[in-house]
Amino acid sequence: MAIVTVSVLRHIARQEKIAGGAVSLSRRELADLAGVSEYRAHAALRRLAGAGLIASEERYRDDGGRLANALHVTEQGRAFLVGLD
């Protein structure tokens, strides 16, 4: 797995631990945390979701406007991270 993808997964896991549950990070916020472009952060999210390492849930404001998706590291994602340490 690409270094950027692993970095994004680790950042989601860290933020999830701090928040005590799923986190809502915009692509820009995630890109800033991982030190990559928004495009690369989005590509990493697609790869992680496709591999079953994260789950995302669409979120909306009361008026129907979009919010950042809620991101959650799956059990498979946690096992993958443990294997790296």
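Ala22 sits in the loop between helix 1 and strand 1, the strand that covers residues 23-24. Keep in mind from the start that you are looking at a predicted model. With a relative accessible area of 47%, Ala22 counts as partly exposed, because that label covers values between the 20% limit for buried and the 50% limit for exposed. Setting aside its neighbours within four places in sequence, Ala22 is in contact with Glu16, Ala70, Leu71 and His72. Now look from Ala22 to Gly35: these two residues are 13 apart along the chain, and their C-alpha atoms are separated by 21 Å.

One of the contacts of Ala22 is Glu16, so let us go there next. Glu16 belongs to helix 1, which spans residues 3-19. Is Glu16 buried or exposed? Its relative accessibility is 5%, so Glu16 counts as buried. What does the side chain of Glu16 make a polar contact with? The partner is the side chain of Arg78, at 2.9 Å. Leaving out residues up to four places away in sequence, Glu16 touches Gly21, Ala22, Val23, Leu71, His72, Val73 and Arg78. Notice that Arg78 turns up both as a polar partner and in this list of touching residues.

Stay in helix 1 for a moment and find Arg10. Its relative accessible area is 31%, and therefore Arg10 is partly exposed. Arg10 and Ala49 are 39 residues apart in sequence, and from C-alpha to C-alpha they are 14 Å apart in space.

From here, move along to helix 2, made of residues 27-34, where you will find Arg28. This residue is exposed, because its relative accessible area is 55% and the label applies to values over 50%. The side chain of Arg28 is joined to that of Glu38 by a polar contact of 3.3 Å. If you look back to Ala13, 15 residues from Arg28 along the chain, the two C-alpha atoms are separated by 17 Å.

Helix 3 covers residues 38-50, and Ala44 has its place there. What is the relative accessibility of Ala44? The value is 0%, so Ala44 counts as buried. Which residues does Ala44 touch, not counting those up to four places away in sequence? They are Val4, Thr5 and Val8. The C-alpha atoms of Ala44 and Gln76 are 16 Å apart, and 32 residues separate the pair along the chain.

Our last stop is Thr74, in the loop that connects strand 3 (66-73) with helix 4 (75-84). Thr74 has a relative accessible area of 18%, so it is buried; the cut-off that matters here is 20%. Once neighbours within four places in sequence are left aside, Thr74 is in contact with Gly52, Leu53, Ile54 and Ala55.

Now step back and take in the whole chain. How many helices and strands does the protein chain have? There are four helices and three strands, and reading along the sequence gives the pattern α-β-α-α-β-β-α. The C-alpha atoms fill a box of roughly 45 × 25 × 25 Å along the principal axes. For 85 residues, a compact globule would have a radius of gyration near 12 Å, and the protein chain has 12 Å, so the two agree.

Finally, consider charge. The protein chain carries 12 positive and 10 negative side chains. How far apart do the centres of the two sets lie? The distance between them is 7 Å.

Definitions and conventions
Residues are numbered from 1 along each chain as its sequence is written. This is a predicted model: local features need pLDDT of at least 70, side-chain atom pairs count only at pLDDT 80 or more; totals for chains, interfaces and linings use all residues. Side-chain values use heavy atoms; hydrogens and water are left out. Helices (H or I, at least four residues) and strands (E, at least two) are DSSP runs, numbered from the N terminus. The radius of gyration is taken over C-alpha atoms; the globule rule is 2.2 Å times the number of residues to the power 0.38. Lys and Arg count as positive and Asp and Glu as negative; His and the chain ends are not counted. The place of a charge is taken as NZ of Lys, CZ of Arg, CG of Asp or CD of Glu. Buried means under 20% relative accessible area, exposed over 50%, partly exposed in between (1.4 Å probe, protein chains only). A polar contact is a pair of N or O atoms within 3.5 Å; within protein, one must be able to donate a hydrogen and the other to accept it, and residues adjacent in sequence count only if both atoms are side-chain atoms. Contact means heavy atoms within 4.5 Å.
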